[in-house]
Each structure stands twice: as structure tokens, then as C-alpha cells.
Amino acid sequence: MSDGRTAPPHTGVEIAGSGSALPEHRLTNAELESLMDTSDEWILQRTGIRERRRHDTSTPYPTSDLGTAALENALDDAGMHAEGLGLVLCATMTPDSPTPAVSCRIAANLGLRTTGAIDLNAACSGFVFAVSTAHAMIASGLYDSIAVVGVDTVTRHCDYSTFGRGAAILFGDGAGAVILKKTNDTAKGMLAQAMHANGNGAKSLYIPCGLDQVEDPESHQAEDGSGVDPRLNDKIQMNGKGVFKFAVSKFPEVIQETLDLAGLTADRVDHYVCHQANARILEAARERFGLPESKLRVNIDRLGNTVAGSCPIVYDELKRESLLEPGQKVMFIAFGAGLTWGASLWQI
Ligand code: UT7
């Protein structure tokens with residue numbers, strides 16, 4: 001390919017370890033029922049979610065704390081010390097604060113003082129974009145080892161009242177991480193990838209920083225006539241039906257695109273590690289490609305939508321359960337705010 005979407009064949013890149021971290025608090029559908037006008041039945045039927053995790057709200061840096069814990073677990077799994085990392089690349093759309101980058105805090109928490117650290121924001125697609133980017137940096141010879149972290153704490157931007165219920169029921173907090181390393185085994189690494197974005201879809205899913213960023217202000221006026229309803233500020237806004245339609249079409253499309261780039265049929269992939277946004281979206285994709293349930297793990301019932309955390313958490317669950325074998329093919333797939341969508345296909 002001339003556009004660089006397929007990996008150069010001469011360098012092997014392995015996923016040497018994985019880890020994840022979740023807050024302890026389980027925000028169940030029953031707890032949501034006590035906060036807003038909703039029901040376990042409504043949430044379960046429309047999304048497949050039973051509970052999600054919520055960070056300790058007294059913690060000032062929940063995103064970097066969770067990201068650090070996930071990366072520590074990934075380093076343990078890889079049998080490595082943090083000093084061995086060439087770069088920390090963190091995908092997140094919910095940094096603790098606009099600056100410094102979450103990756104800088106994670107690196108500092110691990111005792112690193114000079115290692116490069118970068119954040120990448122592609123919302124729910126963040127981890128997928130980051131893992132492809134890190135692969136390119138290793139395959140090109142720039143680095144021998146990169147930690148890729150996917151972490152979000154979107155519950156900080158949820159309105160847990162009936163007013164905000166449309167989006168609030170979906171999201172949970174969580175982090176996952178992988179360690180990518182150069183290897184002499186050239187069979188290992190990324191086989192193909194796709195990254196897409198359409199910023200015209202920004203208003204479908206966004207967090208306004210100030211009421212002047214609220215889209216379509218006329219239809220969001222406060223009842224007292226004072227202007228845009230202040231309850232929208234800093235809270236996640238979603239056109240659920242619009243995002244659903246977008247996801248149902250783009251999810252299978254990007255899977256097919258990536259399979260085509262790699263010259264593979266769907267049955268040749270062993271695990272589809274998918275962003276967990278809605279159980280119905282996952283089921284539609286599974287049926288479309290005729291995949292057995294064992295190839296497309298669904299954990300949204302337990303964790304909700306953890307944004308950039310979802311793909312690496314799924315991968316780590318498969319690893320912990322010894323379901324990943326050397327030589328298998330794993331496709332990471334995600335879609336989300338931006339709008340963004342993408343996939344990264346690996347031989348592990
Ligand atoms: O990472 C990407 C993130 N986002 C997504 O993937 C979201 C994709 N979209 C979805 O998953 C679905 O659109 C939702 C699950 C968010 C919503 O399902 P829906 O079938 O599209 O419902 P809706 O928003 O059209 O609302 C239907 C009804 C409305 O009532 P009326 O107008 O029919 O009387 C809503 O007010 O359900 C009501 N409703 C709720 N009822 C109980 C909306 N949210 C809730 C709620 N509990 N939490």
C-alpha cells in the first residue's frame with residue numbers, strides 16, 4: 001500500500017504484556033434508579049448494561065491513577081520494569097486537567113523522570129489509534145518498547161439526574177494497557193489498520209466546556225429564560241439515535257476494510273476485541289460476519305462503556321483467561337466521538 005496503512009514486513013512487534021484497572025465502586029442499575037427516572041429493564045433492554053464502575057470521587061487525579069494501575073499490571077505481566085519503556089502513549093478524552101498530559105502523570109507515578117510521554121485523544125477509538133501509532137514507531141526503529149494505555153473516567157462528566165439520563169446510564173470508568181516490544185519474530189505485529197474521522201459529526205457526541213459550546217442552543221434554553229440551560233455545561237451530550245446509526249454502519253464497514261487490507265476473510269481472525277458501547281451494536285456486527293460468540297467478547301454488562309479503556313480491558317480479560325495463543329489474529333475495533341472509527345489487526 002502506498003498510503004502506509006499496512007505494516008512494513010521487516011520488524012516484528014509483540015504485545016508483551018497487558019493489564020487493566022477498575023474502580024471498586026459498582027454503579028448498578030438499581031443505584032441509578034435511585035438517582036433518576038429510569039429502570040433496570042429499560043437500561044438492560046436498550047444497552048445490555050447491568051452495572052458500571054465509578055471512580056472514587058474524592059480522588060483529584062482519577063484518570064492518571066487508574067492508568068498507572070493498569071500500566072503497573074501490564075509491566076508485571078510483561079516481566080518488565082518501567083525503566084525499560086521508551087515511551088508512554090496514553091489514549092484518553094478525560095484527562096484529570098487540560099494539562100499536564102495524563103501520560104506525564106502516569107510516567108511520574110512509575111518513577112520515570114525523562115521517558116517521553118504523549119496523550120492521544122480519539123475518544124472511544126483512542127486505544128485503537130494509539131496501538132497502531134505505537135506499532136509504527138517501533139516498526140520504524142524509533143523505539144524498542146512502548147506502553148499504550150487506554151483510560152477514561154467519563155462518569156465525571158455525567159449528569160446523574162433524569163435530565164442527563166440519556167447518556168449517563170452508558171458510561172463507566174476503567175483503564176487497560178499493553179506493552180509493545182520489538183521482536184525478531186517477524187510474524188508478530190500489526191497486519192493492517194484503518195483510522196477514520198469526520199469532524200462534521202462532532203455535535204453527535206461531545207462535552208461542552210462552557211455554555212457557548214452547546215450545539216443547537218435554541219433547543220437547550222433554561223426554563224427561566226436566562227439562556228442556555230446550565231446543566232449542560234461540562235456534561236457529556238449525545239445524540240443516541242444518531243450515534244447508534246453511525247455505529248451500526250461503520251463498525252462492520254471498518255472490519256471489512258481491515259480484513260480486505262490484510263487479504264483475510266472474517267473467519268481467519270481469532271478474536272474481535274471490540275469497543276463496548278452497546279450490546280445490540282456488538283450483536284449486529286457478530287451476526288453480520290457470522291462469528292461465534294467466543295470470538296467477540298462482550299463485557300458491557302459488567303463495565304458499561306469505558307471509552308478508551310474498553311478495548312484493552314477486553315484484551316486483558318482474554319489474556320487472564322488464557323484464551324490468547326501465540327500465532328492468533330486479534331482485531332481491535334472502535335468508534336466514538338469525533339466522530340472517529342478504526343481498527344487494528346494483529347498477529348500475536
Ligand atoms: O462510544 C460511543 C457511545 N455512544 C453510543 O454508542 C450510543 C449509541 N446509542 C444508543 O446506545 C441508544 O441510542 C441509547 C441506549 C443511548 C438510547 O436508546 P434509544 O432507543 O435510542 O432511546 P431514545 O434516546 O430514543 O429514547 C427513547 C425513550 C425516550 O422517551 P420518549 O420520548 O419515547 O417518551 C427517552 O426520554 O426513552 C427515554 N429515555 C429513558 N428512559 C429511561 C432516555 N434515556 C432513558 C433512561 N431511562 N436512561
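Biologist: Which residues of helix 3 are buried?
Modeller: This is a predicted model, and in it the buried residues of helix 3 are P62, T63, S64, L66, G67, T68, A70, L71, A74, L75 and A78.

Biologist: How many residues does helix 3 have, and how far does it reach?
Modeller: Helix 3 runs over residues 62–78, so 17 residues, and spans 24 Å from its first C-alpha to its last. That's close to the 24 Å expected at 1.5 Å a residue.

Biologist: What follows helix 3?
Modeller: G79 does, with a positive phi near 65 degrees.

Biologist: Switching topic: where are the cis peptide bonds, say around P100?
Modeller: The bond from T99 to P100 is cis, with omega near 5 degrees, and P100 sits in the loop between strand 4 and helix 4. Another cis bond joins G338 and L339, where omega is about -5 degrees. L339 belongs to the loop between strand 12 (329–336) and strand 13 (340–347).

Biologist: What about D234, what's its phi?
Modeller: Near 70 degrees, a positive value in a residue that isn't glycine. D234 is in the loop between strand 9 (205–206) and strand 10 (237–238).

Biologist: And S322, buried or exposed?
Modeller: S322 is exposed, because its relative accessible area is 57% and the cut-off is over 50%. S322 also has a positive phi, about 55 degrees, without being a glycine, and lies in the loop between helix 10 (310–320) and strand 12.

Definitions and conventions: Residues are numbered from 1 along each chain as its sequence is written. This is a predicted model: local features need pLDDT of at least 70, side-chain atom pairs count only at pLDDT 80 or more; totals for chains, interfaces and linings use all residues. Side-chain values use heavy atoms; hydrogens and water are left out. Helices (H or I, at least four residues) and strands (E, at least two) are DSSP runs, numbered from the N terminus. The expected span of a helix is 1.5 Å times one less than its number of residues. Buried means under 20% relative accessible area, exposed over 50%, partly exposed in between (1.4 Å probe, protein chains only).
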